[in-house]
Amino acid sequence: MAHTIIPIDIPQAPTSLHIERGAIARLAEVITSHGIALADRRVLLVVDRNVTQLAARSAASLAAAHAHIGAIHLDATETAKNLDAVEAIWHAALAHHLDRRGLVIAIGGGLVGDLAGFAAATFLRGVDLLQIPTTLLAMVDAAIGGKTGVNLTLPGGGLGKNLAGAFWQPKLTVADADALTTLSARELRAGLAECIKHAIIAGEPRFTALDIDAEQLARGDTAALDRLIPSSASVKAAIVTRDPFERGERAHLNLGHTFGHAIETLPKVDLLHGEAVAIGLCAASHCALECGLLAREEHDAICALIQRIGLPTELPAVALEAGLADEILRRMAFDKKNEEGVLRLVLPRSIGRVEVVTGVAEATVRKALASIGVRA
Ligand SMILES: NC(=O)c1ccc[n+]([C@@H]2O[C@H](COP(=O)([O-])OP(=O)(O)OC[C@H]3O[C@@H](n4cnc5c(N)ncnc54)[C@H](O)[C@@H]3O)[C@@H](O)[C@H]2O)c1
């Protein structure tokens, strides 16, 4: 089978991304080909309820390799991305007698991957983890790089995204694009938002390649996805290899996320993570334009690509109540990148160059919010 292996050489935690159609059905063979033992090992599958059938195929392959399989099935919703879910995984691990040689395998989108990863990082102070992403977003982004965690309720209300967690590198990530056939068109497009983010960070030729394939990708074209997944994932892999703990450059991967996280969980807003990121990319581009960092032409190219892919560039009208800007600013104040109460935004300077900018005036941030339809 044609496959791509992207090594991620993180000191003390080297890992790889294995990309291959059909890999899930022969998961044991793929895992052992990376030198990871399965025989007589206790394995807990943490499964997104919407991919139960896929997971059953993996389980059959693993059982045939003499692994002892247990499983827990979870709902993938942001409100359930909390410590209760992590505790449920810990208890499933206990019930399955997972020991320090045990293995947690996350099978699902980024949400289940983040939960299973955090549970693996903390159970017995850390057991091995494998990520088997089943959404496009998780294949190119969430399942790479070892960020795990849960949402927290903010003081004053609202969900704070991923505010508690740990860095815990998977031993291996296996991306099988055949898993995407059951994913809705809307979820697929949402995953393309992170690919646009990667293309803005990496610059040419990735940005133009994505632009050329935009319509095909939005339709889920197999050949276009097979071109995109290794290309986009390699942008993330390269950055996390250089900066695994986000001491510097890795923060660039937050492009669009400070705005995106603040709008994603607003009441009455039915936005997927990737859709919120798409709107956040427009807001960050507008902010950069207002700051005189980004040329109008490049701002327009970013927003045009988002639109061509069929992603939103503005908040849905139903959400647009007076005073919303204040609520979004309140939520942005809890962003993990902020230092001593000062907002730090990742902004594009050009396609191919992004940077962390501190001390953007509130009035400028409000203009960026107005550009995505938010009334003062
Ligand atoms: N750890 C990281 O570095 C990182 C990076 C980006 C995003 N994230 C997190 O990832 C989450 C978003 O991930 P996501 O976009 O994968 O969404 P998700 O995990 O919420 O999955 C989206 C939906 O698709 C369903 N699903 C998953 N795979 C499917 C398949 N093959 N067929 C049919 N349905 C399927 C899920 O059940 C869910 O309903 C957010 O919580 C975000 O914070 C983490």
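The model is predicted, so local features need pLDDT of at least 70 and side-chain atom pairs count only at pLDDT 80 or more, while totals for chains, interfaces and linings use all residues. Residues are numbered from 1 along each chain as its sequence is written, and side-chain values use heavy atoms, with hydrogens and water left out.

**Cavities**

A search of the whole structure finds two cavities of 30 Å³ or more. A cavity here is a set of points, on a 1 Å grid over the protein atoms alone, where a 1.4 Å probe fits but cannot get out, and its lining residues have an atom within 4 Å of a point. The volume is the space filled by probe spheres set on the points, which are joined across faces, edges and corners.

The largest cavity holds about 130 Å³ of space and is lined by 14 residues, with Gly-160, Lys-161, His-261, Arg-331 and Asp-335 nearest its centre. Two or more lining residues come from each of β8 (159-167), α9 (257-264) and α12 (324-332), and β8 gives the most, with four. These helices (H or I, at least four residues) and strands (E, at least two) are DSSP runs numbered from the N terminus. Because domain 1 (4-183) and domain 2 (190-371) both give residues to the lining, the largest cavity lies between them; the domain bounds come from an automatic or database domain assignment.

The second largest cavity has a volume of about 30 Å³, and its lining includes Leu-129, Gln-131, Lys-147 and Trp-168. Both β6 (128-133) and β7 (147-153) supply at least two residues of that lining.

Axes are lines fitted to C-alpha atoms, for helices over the stretch in contact, and angles run from 0 to 180 degrees between N-to-C directions.

| Helix pair | Axes come within | Crossing angle |
|---|---|---|
| α7 (206-218) and α8 (222-242) | 10 Å | roughly 140 degrees |
| α12 and α13 (362-371) | 11 Å | roughly 115 degrees |

In the contact between α12 and α13 (heavy atoms within 4.5 Å), Ala-325, Asp-326, Ile-328, Leu-329 and Met-332 of α12 meet Glu-362, Val-365, Arg-366 and Leu-369 of α13. By class, this contact has six nonpolar, no polar and three charged residues, where Ala, Val, Leu, Ile, Met, Phe, Trp, Tyr, Cys and Pro count as nonpolar, Asp, Glu, Lys and Arg as charged, and the others, Gly among them, as polar.

Note on methods:
1 Å grid on protein atoms, 1.4 Å probe; cavity = no way out; pocket = protein on both sides within 12 Å on 5 of 7 lines; lining within 4 Å.
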